[in-house]
Every structure is written in structure tokens, then in C-alpha cells.
Amino acid sequence: MTRLLITEITRRGPAFCVIGLEREKNRIRSVRPVTATANSWMHFPYLRGDVLQCDLAPFSGSKPHVEDRVSTRGFRKESAVPEPGVVTYLRKAEIGTTLEDLFGCVLHENKTGSGLFAKPREAKRSVCGTVTQNLRLELCANELRATLALPSGEVLRDLPVVDRDWRDFIEAALATSRGANRLARLKHFLNSQFQSKVLSCPHHFIRLGLTRPYHDLCWLMLDTLIPLPKHDWLGEF
């Protein structure tokens, strides 16, 4: 039986990818539960911070997704950890302060568009935590994207934000807003108040991830942005 502290719930399309932290002897490491037939979940009724009991079997997934484990049964919630506590554990897991630290390899800029990518055979892992002193959130075709600066001063530009809670928040903001200029107002709100809300939080933290190989490239994503958005922020917007 494995106890997982759920730290990532990401969404792309209708499916969810889940990552949790497992304590193994004297270290804390990331584990990605997957099914025997898919890398994602169509239904995941749990929250970040939930501690789940589960049965996991070893799985020789393709690099760099070395965190994959097959879930052989369902999950059972045991307890929950508040958001600051989740960050305390994340700071003890995989963490990087430079581009090369993140995944143990060189990250390449997309010369013909946006984003960054790693080559799957070079990356040593597929998820890593970091902090930033500078953050910009913006909408591109109704998709939330982020630019941030690492402690080293290196900049990660135009990353898709796949955090389930942030995606849900943006969709709710667009759905409840009225008026022809709702996109312009939301973009202004993202670039002004959101930045201060996130960076002024004493436990703000970011987790970055790599996609599954696509045309032999793994694209960089922003998996988790803490603090998670609060519902009452919609009222301010």
C-alpha cells in the first residue's frame, strides 16, 4: 500500500494527469499513477493536498517519464494537507533553480513558434519544482500561458498552464463575464492583480512538467501554480 500526497492535477482536453509525492526511506519523490491502458484519468474526484491510499506497481515507462507507476486499484482518501503544507513537501522533492537543473538536460527554444522543449533521451525526469520572483500571466486564444524567471535569472517564456484549478478559474471568469470587452478586462486583471496575488503569497511555488514525446520532443508546461485561485477572486474581476 502506497500513501500519495496529491500535488498535481493537470487537464488537457477532457483527461486529467495526476502526480503525488511518496516518501521512500529518507527522501520524497514524485510518482505519477497511471492506468494499465492510459496515461491519464477521465475521472478524478480528489483535490490537491489529499492524501490517498493506493496500490502501485512498477512500470517501465519511456523516458523522461520515470515517475510512472501503474495503479492496480482505486484510490481511498485518508486525510488532507493544507496548501502551505503541500508546498513544504514539494520543496523537499525535485527542485531546480536553473534551466539545466529542471530536468537534467538542455532545454531548447522553439525557433518557429512559442514554448520550450527537451529531447526525451536527454531528460532525466519529467517534473520539477521551482520558484520565481517575476511572473506574467496572459491569455492566448482563451488559453492561459505564463512567463517566469528562474532564480538563476533565466527566463521561461510562453508556457501553457495546464493546472486544473487555474484552467477552471479562467473558464469560469470567461463564462460569468459580460460585455464585448470581457477578454480585454480579463487580460488586464491577469497582468495586474494576479501577479501581485501570487508573488505576495509567502508559500508561492511552481511545478513544471514535460509532455509525453511528440515527434520526439517533450514540451515544457506549467503544471502547478500555487497559490491556487480563490473563488472570491471572480467577484473582484
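Helix axes are lines fitted to C-alpha atoms over the stretch in contact, and the angle between two of them runs from 0 to 180 degrees between N-to-C directions. In this predicted model, helix H3 (residues 164–176) packs against helix H4 (residues 182–199) at about 140 degrees, with the axes 11 Å apart. The strands described below include an open sheet of five and two hairpins that involve strand S2.

**Helices H3 and H4**
- The crossing of H3 past H4 is right-handed.
- On the H3 side, the contact is made by Trp166, Phe169, Ile170, Ala173, Leu174 and Ala175.
- These meet Arg182, Leu183, Leu186, Leu190, Phe194 and Val198 of H4.
- The contact residues comprise 11 nonpolar, no polar and one charged.

**The five-stranded sheet**
- The strand order is S8-S9-S15-S14-S10, and the pairing is antiparallel.
- S8 (108–109) and S10 (127–130) are the edge strands; each has a single partner strand, so one side of each has no neighbour in the sheet.
- Six bridges link S14 (residues 205–210) with S15 (residues 218–226) in the antiparallel sense.
- Leu208 has Leu222 in S15 as its bridge partner.

- S2 (residues 15–24) is mostly covered, with seven of its 10 residues buried.
- S1 (residues 2–12) is antiparallel to S2 and joined to it by seven bridges, and Arg12 is paired with Ala15 in S2.
- Two residues separate S1 and S2 in their hairpin, where Gly13 in the turn has a positive phi of about 70 degrees.
- S2 also runs antiparallel to S3 (residues 27–34), with five bridges; Arg23 stands opposite Ile28 in S3.
- The hairpin of S2 and S3 likewise has two residues between the strands, and Lys25 in the turn has a positive phi of about 55 degrees.

Note on methods
Residues numbered from 1 in each chain as written. Predicted model: local features only at pLDDT ≥ 70, side-chain atom pairs only at ≥ 80, totals over all residues. Heavy atoms only, no water. Pairing = 2+ DSSP bridges. Helix = DSSP H or I, 4+ residues; strand = E, 2+ residues; numbered from the N terminus. Left-handed = near helix turned anticlockwise from the far one by under 90°. Contact = heavy atoms within 4.5 Å. Nonpolar A, V, L, I, M, F, W, Y, C, P; charged D, E, K, R; others polar. Buried < 20%, exposed > 50% of the residue type's maximum accessible area, 1.4 Å probe, protein only.
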